[in-house]
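Student: Could we go through this structure together, starting with the overall picture and then moving to single residues?

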Amino acid sequence: MPTVSLLIRKGYFGAHPIILTQRGNSMQTKTIHASKRSKEGLFILSLLIAAAGLYGMVQVFNHGQESSYNISREVPWGLLIIGYSFFVAVSVGTATISALAHVFGIESFHVISKKVALASLAALIGAFYLIFWELAGPFHLQALRLVVYFTEFKITSPIWWMVTFYMLELPLLALEVYFLVSHKRNAAFYASLIGFFLGLIAYGTLAYVFASNATHPLWHANGFTLFFILSALAAGAGLILLMLAFNRQAPNTGKALKGLSTLLFLLLFSLLFMDAWNVLINLYGADSELSETMRLLIGGGPLAINFYYGEIGLGIVLPMILLAAGRFRSFGLGALAGLLSIIGVFFARYDIIVGGQLLSRPSSQMPFTVHHYFPSLAELTLFVSGIGVAGVIYFLGSMVLNLDEEVHA
């Protein structure tokens, strides 16, 4: 009997392989159903988060932006501009790192490439959603205004170039997702190649929109554009690490985990170095307005808590500790470090965009006036709904498209 049992287990009588196949199919079916239910649940959750913006929409429709947002003549760019810059950072960062796989053949970054491309597209749509509610209110035909503005060819305007590049970036990301899903390898390669350059140029142009304004010394400081791009790459690496943790069953995720964790660690170290260097230069070697602005960040000013605890502590130092503690091989610590780095990039955007607007004075002989800004409830709900909109796009795409079978471009 033991011999017969051993033969059956080894499959010599053909019975056990059938049982194994049936069990395997059953387990695979259960896994597929569980994954489908999970995606549907996350899609519904994203819808609920997106619905949070209804409050802000009602406020804007009924009272207009000036009454609904806490922006002012002195601080005209608030949370929605910050959110736009943040979402675009996530989009550009994920797309650029994804391009490292397609264009430069870095195989360790090739895991879940379809999902990464879709996440980049979803984040960019979330950014456009926020800028829609920022620009002149929903009573204007924003699309028509965009076309009119674009066709006037204001090539000396940084905003015109930003609009131009992102009008190209959005359909290009959509095409890349389509090519990857359709297994069009050559087309996906060229779309990713163009997207690699276009994404960095577009985001650099967004930074230039701020940096070209010499009346705000914090934006006009050295290294501003490089800081924007490096932090975008950190946000992208953080999001991909987070996605890897939820897709660890995919092949070669261990190698991808180590590569992305190492990349994120180096990017965070670079940002920490830039922060320290900018503080020293801007505080002691710059003009009086820039020095006073830096004191708002580090000298107990209104942004000091954001800077120390949000941008530096939570967003840079703690993720670096977590990555090192996990020896760049822990999915859990890597995912947590990725999430914290994304949050840190948001604080960095908040500090630098708001901080650049908080000081003013009529002349160099007059004392500085410190302005104040805190987002209104309408701004907060619209920003949160932007996260929901990006989630809706991503999880809807993940339910409709085949994202599990990866293809190497």
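**Overall picture**

Tutor: Of the 409 residues of the chain, 49% count as buried, where buried means under 20% relative accessible area, exposed over 50% and partly exposed in between, with a 1.4 Å probe and protein chains only. This is a predicted model, in which local features need pLDDT of at least 70 and side-chain atom pairs count only at pLDDT 80 or more, while totals for chains, interfaces and linings use all residues. Residues are numbered from 1 along each chain as its sequence is written, and side-chain values use heavy atoms, with hydrogens and water left out.

Student: How many helices and strands does the chain have?

Tutor: There are 14 helices and two strands, taken as DSSP runs numbered from the N terminus, with helices being H or I of at least four residues and strands E of at least two.

Student: And what is the accessible surface of the chain?

Tutor: About 19700 Å², with carbon and sulfur atoms holding 68% of that surface; the areas come from the Shrake-Rupley method with a 1.4 Å probe, and for residues only the protein chains shown count as cover.

Student: What share of the contacts comes from residues 24 or more positions apart?

Tutor: Among contacts in the chain with a separation of 6 or more, such residues account for 77%, a contact being heavy atoms within 4.5 Å.

Student: Switching to α5, is that helix mostly covered or mostly open?

Tutor: Helix α5 is mostly covered, with 19 of its 22 residues buried. Spanning residues 113-134, α5 reaches 32 Å from its first C-alpha to its last, close to the 32 Å expected at 1.5 Å a residue, where the expected span is 1.5 Å times one less than the number of residues.

Student: Which residues have the most contacts inside the largest nonpolar core?

Tutor: They are V88, Y166 and Y203, in a core of 113 residues, a nonpolar core being a set of buried Ala, Val, Leu, Ile, Met, Phe, Trp, Tyr and Cys residues joined through side-chain atoms within 4.5 Å. Helix α9 gives the most to this core, with 14 residues.

Student: What does Y203 touch?

Tutor: Not counting residues up to four places away in sequence, Y203 touches S85, V88, A89, V92, Y166, F228, I229, A232 and R349. Two of the residues on that list also meet each other, as R349 lies over the face of F228 at 4.1 Å from the ring centre; a charge sits over a ring if NZ of Lys or CZ of Arg is within 6 Å of the ring centre and within 35 degrees of the ring normal.

Student: How many aromatic pairs turn up in the whole structure?

Tutor: The search finds 26, where rings of Phe, Tyr and Trp (its six-membered ring) pair if their centres lie within 6.5 Å, and planes under 30 degrees apart count as stacked, over 60 as edge-to-face and the rest as tilted. One of them joins F210 and F224, whose ring centres are 6.4 Å apart with planes at 55°, so the pair is tilted. This pair links distant parts of the chain, since F210 is in helix α8 (residues 185-211) and F224 in helix α9 (residues 224-246), 14 residues apart. F210 counts as buried at 2% relative accessibility, and F224 counts as buried at 5%.

Student: Why is the pair of Y350 and Y373 called tilted?

Tutor: The planes of Y350 and Y373 stand at 35°, with centres 6.4 Å apart, so that pair is tilted. Y350 is in helix α13 (residues 331-355) and Y373 in the loop between β2 (369-370) and α14 (377-400), 23 residues apart. Y350 is buried at 8% relative accessibility, and Y373 is buried with a relative accessible area of 11%.

Student: New topic: where is T94, and is T94 buried or exposed?

Tutor: T94 is found in helix α4 (residues 79-102) and is buried, with a relative accessible area of 0%. Leaving aside neighbours within four places in sequence, T94 is in contact with V116, S120, G236, L239 and I240.

Student: Last one, what is phi of H183?

Tutor: H183 has a positive phi of about 60° although it is not a glycine. Most residues other than glycine have a negative phi. H183 sits in the loop between α7 (158-181) and α8, and counts as partly exposed at 37% relative accessibility.
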